[in-house]
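Hi,

Here is the structure I promised to pass on to you. Have a look at it first, and then read my notes below.

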Amino acid sequence: ARVVGNVVHAMSKLQANLRQGVDAELVGELQARAAAVAGDFEPKHVSNFLWSLSRMGVKQPDAHLLEAMQNRAKQAAGELKPQDIAVFMLALARLGVKNPDAGMMEVIQSRAIKTAFDFKPLDFKNLQQALSKMSITPDAGLVAAMQGQARKP
């Protein structure tokens, strides 16, 4: 899983530096490989992998990949840090996901509520932006947690 993630991350950096597209066939193969080993991804690498795909301009990621990565995020939610949550959600939004897995959303929002004290303003901004882009109304507990953080001195 780490090798696939590192290759996609490097490709996204290379594409940005060269200002040219990447081989669509290769990106498709990497998505299929990542879907097959998604259960082996460390929690933060799930968000980093999807973010890298979004940076490469992928607009219609492999459905099996999205399902596998959402399942992995659901399983590993207890280990996700605020930045991981924000990046994961923003990556899904940038990849064009409109209807994320309901169970995954419940677990992710619950984790965000539990870790709200550790969120940085940018993390909340990115999470809010992602939810808005996917037309998702945040859980009332998450809204309360975000408001509580906004009132912090």
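**What I found**

Let's start with Lys74: with a relative accessibility of 29%, this residue counts as partly exposed, a label for values between buried (under 20% relative accessible area) and exposed (over 50%), worked out with a 1.4 Å probe on protein chains only. Before going further, note that this is a predicted model, in which local features need pLDDT of at least 70, side-chain atom pairs count only at pLDDT 80 or more, and totals for chains, interfaces and linings use all residues. Residues are numbered from 1 along each chain as its sequence is written, and side-chain values use heavy atoms, with hydrogens and water left out.

So what does Lys74 pair with in a salt bridge? Its partner is Asp101, with 3.2 Å from N to O. The term salt bridge means a side-chain nitrogen of Lys or Arg within 4 Å of a carboxyl oxygen of Asp or Glu. The pair ties together distant parts of the chain, as Lys74 belongs to helix α4 and Asp101 to the loop between α5 and α6, 27 residues apart. (Helices here are DSSP runs of H or I with at least four residues, strands are runs of E with at least two, and both are numbered from the N terminus.) Asp101 is partly exposed, at 28% relative accessible area. By this rule, the count comes to one salt bridge. In general, side chains of opposite charge can pair when their charged atoms come close.

Helix α4 (residues 63-76) is also the place of Arg72. Is Arg72 buried or exposed? Arg72 is buried, because its relative accessible area is 14%. Leaving aside neighbours within four places in sequence, Arg72 is in contact (heavy atoms within 4.5 Å) with Ala38, Gly39, Phe41, Glu42, Pro43 and Val46. Take Pro43: 29 residues separate it from Arg72 in sequence, yet the C-alpha atoms are 7.6 Å apart in space. As for Phe41, its backbone oxygen lies 2.8 Å from a polar atom of the Arg72 side chain.

Now for the helix packing. Two packed helices are described by the angle between their axes and the distance between the axes. Axes are lines fitted to C-alpha atoms, for helices over the stretch in contact, and angles run from 0 to 180 degrees between N-to-C directions.

Helix α3 (residues 43-55) packs with helix α5 (residues 82-94) at about 35 degrees, and their axes are 8 Å apart. On the α3 side, the contact includes Leu50, Trp51 and Ser54, and on the α5 side Val87, Phe88 and Ala91 are among the residues. The contact divides into eight nonpolar, two polar and four charged residues; Ala, Val, Leu, Ile, Met, Phe, Trp, Tyr, Cys and Pro count as nonpolar, Asp, Glu, Lys and Arg as charged, and the others, Gly among them, as polar.

Apart from neighbours within four places in sequence, Ser54 touches Ala91, Arg94 and Leu95.

Helix α5 packs with α6 too, at an angle of about 145 degrees and with 11 Å between the axes. Here Ile85, Phe88, Met89 and Leu92 of α5 meet Met104, Met105, Ile108, Arg111 and Ala112 of α6. These residues divide into eight nonpolar, no polar and one charged.

Ser135 counts as exposed, at 68% relative accessibility.

Cheers

Terms used
A polar contact is a pair of N or O atoms within 3.5 Å; within protein, one must be able to donate a hydrogen and the other to accept it, and residues adjacent in sequence count only if both atoms are side-chain atoms.
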